[in-house]
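I opened a new page to keep track of what I looked up, one region at a time. My notes follow the order in which I read.

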Amino acid sequence: MTRPPRMVVAVAVASVLSVATVLTGLITNEASAQQRWPGWLELIRTHPWHSLGLLASILVGLTVVLTVLPENATKATGFPGMPADADTEGATLPPGETGPASLAGSAEMAPPMDRPEERRDRLKHLSTELVNRLGRRRTAYPLDLSLAELHRMDLFVPGRLARYQERITGAGEQATAALAARLQARESVLLLGEPGSGKSLSLYGVALALQQVGVLPVPLRALDAPEVLAELRGAGFDTTAMSEVVLLVDGLDEASDLVDGEPLATALLDLFRCAPALVTSRIREYEEWIVFETTSFTFDQVFVLRNWSVEVEFADYLVRLQRQRLIADPDLYRTVVTSERLTRLVQRPLYARMLTLIGPDAATRINSASTLYGEYLNRLSRATDLAVRGSHPRWSGHSLPVWQTAAWLVHARELPADAIPVAELHATLTPGRARSAEIRVLDQVIDRRTVHGTEVGEFLHYSFYEYLLARDIRDHLLAALSPEQAVLLLRRDLSREVRHHLIGQLAELADHRLGERLAGLYRQLRDEAGLDTADRLTVCNLLVYLISRTSPSAPEHLDALLHQERDEFLLSSILWALCHHRSDSALARFFSMLQYDSAFRACSRGYVLYYYGDVRAGRPPFLDLPPYPPHERTTARVLAIFESTTFQAIPAQRRYVDLYTFMDIYLVRHEVIDGRRLSTLRSAVDALSGQGLTREMSEKLSEMLQAISRRPIADASSASFAE
């Protein structure tokens, strides 16, 4: 039988020491005749062979002990199940808060996981640490409390759930209790909600509810799944058998690389296999890209957090605030219920909480979400300025411009808004200035955590980033911009949310000369020599959008630009904007070009596919050419728009172009549309009857609808449909 190397070494060491002892005894015996030894060493001199026998016995005993000890007991850094001679250096876990801070240390001292009670104790410690960490997360609410503080002060108003398919008509269940019950029944649940609907706060409420019934919740951010999984495995937990655990995964919409096989998707799937999970995501992000990014995530139930009602949740929230003496004025409820626009706003919990800081007097000036953010952040910045100057008297800056610059830096450098490198942010914003003061200013709206040993930050709410970015762009647009400055400002396209905030802020100013200045900038850029084509198209497209949404004289400005434009991408952009302004002449030209210019059709389809996320790379112009890309995101989003009650309020000219372009995506691919999608499309086409369209236009839509409602034969398609 082959001896383990450590046994051989132990025997060899014992043998060498035995020989050395014999030699020592002989020397001692010889020397004893020469001199007297001090103290107890005299015993060795007088009894040398007895001493030698005792030492030999001890060495033999040690050899036996070393032989019978289990090998893994000698390797303190090894985890249960890992070979004793394995190289564990590569298993060292990165420091940071992506997993429990105490796991790395506790794993080294942990006994083998052969006793269930010890394993549960360690899981319970891990669960408690992660729940506490979630509770320490700061909120975007006016009170600037942590999630745990909101619960301790009884300021959490439980939301209501509706099944995803019944989110418009469903009565709703109390969210916390219903979610906890389903997780206890070992069901996995996806919880969708609008930004600011209370998903993270509800997640923390579910964690507390599970703790009360003895279930071990393990909350984590979706982004941190690989690190948490690695730490679980590294600490010796068997992730294939964690029946005591329930996962609470926050922010699936914040994660990237969810394509099947990517590390993040793989880590999430491994976690989902070991325990039931409650996973949160924003609705639009889930519908527009997550559901298409992976086919492996499955859930037993999909719920949506319902909006608050003024009479129930909002009233309850105000009562709780008054009970804690956080507000004293009871007039806010009356102010809200007598205003239709405020009633709509407080249906979103984040807006309701922001409104409590503003108060009833300022609330009467709020007419949109954009003005609400502006009023709230203005007040927050003034309070921050006073606090920072109290501790840094020499600081003379202002908080709001610092926050705007931070948002611009994230956008311009394409940094992840939910994992901003804090060192880079501070180095850029605070060189040679009152660094500690500005760091404190940033900390008011940016929360920090550690990932892979690196400090990263994120805005307390993603919508703060969107609003502040729009505000920074607005301030620059109101200044006298050169073409070069305009390119630097607008060369990266803006998301729909940032666009909406920007439009809202520009509309508040009611600057009647803004459209003229933007149109003049468009002409300069169109004629600017040496300008990158993609930059020119991106900036000019955004300028057309801004003119069409902010200028009372938009049709006149856009008509003037149209007469001088020859680029097909920008022609499509201007004609689309004019159709939004009910221009029959623009629709006639759009229709003519769609009929006879295949390149123009490809350009129009391509921009729609880009706008709704099916084309995710590259820069304009976006051409929909063979091999055609998939269009699932565009189809889902556009049909949802066609189904919405607000679609009929859009001008008929614009609806016509939308319908034509959407059906053309199916037509050139020779694809069929049927079922509910076909019914939605047919209803949208029928609704255009009697809206002033020419007979030729109406017949063309009918022909297209007929062609894609059955399996068309390619060579039998109408010649005018061919590319």
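**Entry 1: strand 6 and its partners.** Before looking at the sheets I wrote down the rule I would need, that two strands count as paired if DSSP finds at least two bridges between them. I also noted that this is a predicted model. With that rule in hand I looked up strand 5 (residues 245-250) and strand 6, and I found that they pair in the parallel sense over three bridges. Here leucine 248 has leucine 278 of strand 6 as its bridge partner. I then turned to strand 3 (residues 189-193), which runs parallel to strand 6 and is joined to it by five bridges; in this pairing leucine 190 stands opposite valine 279 of strand 6.

Next I asked myself which residues of strand 6 point one way and which the other way. Ala277, Val279 and Ser281 point one way, while Leu278, Thr280 and Arg282 point the other way, and all are buried.

**Entry 2: helix 10.** I checked the length of helix 10 (residues 263-274), whose 12 residues should span 16 Å at 1.5 Å a residue, and its end C-alpha atoms are 17 Å apart, which agrees. Helix 10 is also mostly covered, since nine of its 12 residues are buried. Among the buried residues I listed Leu264, Leu268, Asp270 and Phe272.

Entry 3: I found three strands that form an open sheet in the order 8-10-9, with antiparallel pairing. Strand 8 (420-421) and strand 9 (446-451) stand at the edges with a single partner strand each, so one side of each is left without a neighbour in the sheet. Strand 8 pairs with strand 10 (residues 454-459) over two bridges in the antiparallel sense, and proline 421 has valine 456 of strand 10 as its bridge partner.

**Entry 4: two helices in contact.** How do the axes of helix 31 and helix 32 cross? The axes of helix 31 (residues 675-686) and helix 32 (residues 695-708) come within 11 Å and cross at roughly 170 degrees. Angles over 145 degrees count as roughly antiparallel, and that makes helix 31 roughly antiparallel to helix 32. The contact is made by Leu678, Leu681, Arg682 and Val685 of helix 31 together with Leu701, Leu705 and Ile708 of helix 32. I sorted the residues of this contact into six nonpolar, no polar and one charged.

**Entry 5: two single residues.** Is histidine 411 buried or exposed? Histidine 411, which lies in helix 17 (residues 399-412), has a relative accessible area of 5% and is therefore buried. Leaving out residues up to four places away in sequence, I noted that histidine 411 touches Tyr465, Leu469, Arg492, Asp493 and Leu494.

Serine 495 sits in the loop between helix 21 (483-490) and helix 22 (496-509), and at 35% relative accessibility it counts as partly exposed. I also looked up serine 495 and tyrosine 611, which are 116 residues apart in sequence and 9.1 Å apart in space, C-alpha to C-alpha.

**Entry 6: the whole chain.** Finally I noted that the chain has 32 helices and 10 strands, and that buried residues make up 50% of its 723 residues.

How values were computed:
Residues numbered from 1 in each chain as written. Predicted model: local features only at pLDDT ≥ 70, side-chain atom pairs only at ≥ 80, totals over all residues. Heavy atoms only, no water. Helix = DSSP H or I, 4+ residues; strand = E, 2+ residues; numbered from the N terminus. Expected span 1.5 Å × (residues − 1). Buried < 20%, exposed > 50% of the residue type's maximum accessible area, 1.4 Å probe, protein only. Axes fitted to C-alpha atoms, helices over the stretch in contact; angles between N-to-C directions. Parallel < 35°, antiparallel > 145°, perpendicular 65-115°, else oblique. Contact = heavy atoms within 4.5 Å. Nonpolar A, V, L, I, M, F, W, Y, C, P; charged D, E, K, R; others polar.
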